[in-house]
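The following exercises concern one protein model. Please work through each task before reading its solution.

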Amino acid sequence: MTTQTIEAILADITTLPVDAIVNAANSSLLGGGGVDGAIHRAAGPELLAECRRIAEKRRDLAGGPCPAGDAVISGAYKLPCKKIIHTVGPVWYGGSHNEPALLASCYRKSLLLAEEAGLHSIAFPGISTGVYGYPKELAAVVAMETVRETLKSAPGITKVVFVCFDQESFRLYNA
Ligand code: ADP
């Protein structure tokens, strides 16, 4: 039996040489601010070109190219990782608008996409905890619980990294 590890680190996700990094994208898949902007800047314009092609293929889906809770995979271009998984977190509207289930779906689908692609290590940012306003502490609990549960059905994933961009998130994940 191979071991599966979960760890939290304080880092810029664009610098990590893991198999996959996860992007907190928006439903257009065409880039935005925060971690999405940082990933697109570091990966170079070919990433946007591929995202446009993915969005075009998925434009007729209910909810647009990538509705909240869904995930898609792309190349990583100039980044040191192998693949980028783009997932769209829920906007926080107070917590009674299905936010926890949608956030859990982001973590679950991203892990299952990585497993399907034969990837072994994956790094997540704090999906929805920036502009989308999901309280960091609540989001960390959903992230941790969902990853622990999903790893049981993703035996190929040996390492999950929660990438914290500020000390507060780092403390939360370690707690
Ligand atoms: P969302 O729209 O899903 O809230 P944001 O990009 O605004 O996405 O923020 C998501 C999280 O990513 C925030 O906690 C933010 O601090 C963090 N973040 C921003 N840039 C980076 C980066 N380069 N590496 C890792 N995390 C980042």
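**Exercise 1.** Which helices and strands each supply at least two residues of the lining of the largest pocket?

*Solution.* The model is predicted, with local features needing pLDDT of at least 70 and side-chain atom pairs pLDDT 80 or more, while totals for chains, interfaces and linings use all residues. Residues are numbered from 1 along each chain as its sequence is written, and side-chain values use heavy atoms, leaving out hydrogens and water.

Step 1. Helices (H or I, at least four residues) and strands (E, at least two) are DSSP runs numbered from the N terminus. A pocket is an open set of points on a 1 Å grid over the protein atoms alone, where a 1.4 Å probe fits, with protein on both sides within 12 Å along at least five of seven lines; lining residues have an atom within 4 Å of a point.

Step 2. The elements that each supply at least two lining residues are β2 (20-25), α1 (34-43), α4, β6 (159-164) and α5 (167-174). The most comes from α1, with four residues.

Step 3. The largest pocket holds about 620 Å³ of space, a volume being the space filled by probe spheres set on the grid points. It is lined by 28 residues, of which A24, G34, V35, G126 and G130 are the closest to its centre.

Step 4. By class, this lining has 15 nonpolar, nine polar and four charged residues. Here Ala, Val, Leu, Ile, Met, Phe, Trp, Tyr, Cys and Pro count as nonpolar, Asp, Glu, Lys and Arg as charged, and the others, Gly among them, as polar.

**Exercise 2.** Describe how α4 packs against α5.

*Solution.* Step 1. The axes, lines fitted to C-alpha atoms over the stretch in contact, lie 10 Å apart at an angle of about 45°. Angles run from 0 to 180 degrees between N-to-C directions.

Step 2. Helices α4 and α5 are therefore oblique to each other; angles under 35 degrees count as roughly parallel, over 145 as roughly antiparallel, 65 to 115 as roughly perpendicular and the rest as oblique.

Step 3. In contact (heavy atoms within 4.5 Å), K136, E137, A140, A143 and M144 of α4 meet E168, S169, L172 and Y173 of α5. These residues divide into five nonpolar, one polar and three charged.

**Exercise 3.** Which residues make the contact between α1 and α2?

*Solution.* Step 1. The axes of α1 and helix α2 (residues 45-57) come within 6 Å and cross at roughly 115°.

Step 2. I39, H40 and A43 of α1 touch L47, L48 and C51 of α2. Five of these residues are nonpolar, one is polar and none is charged.
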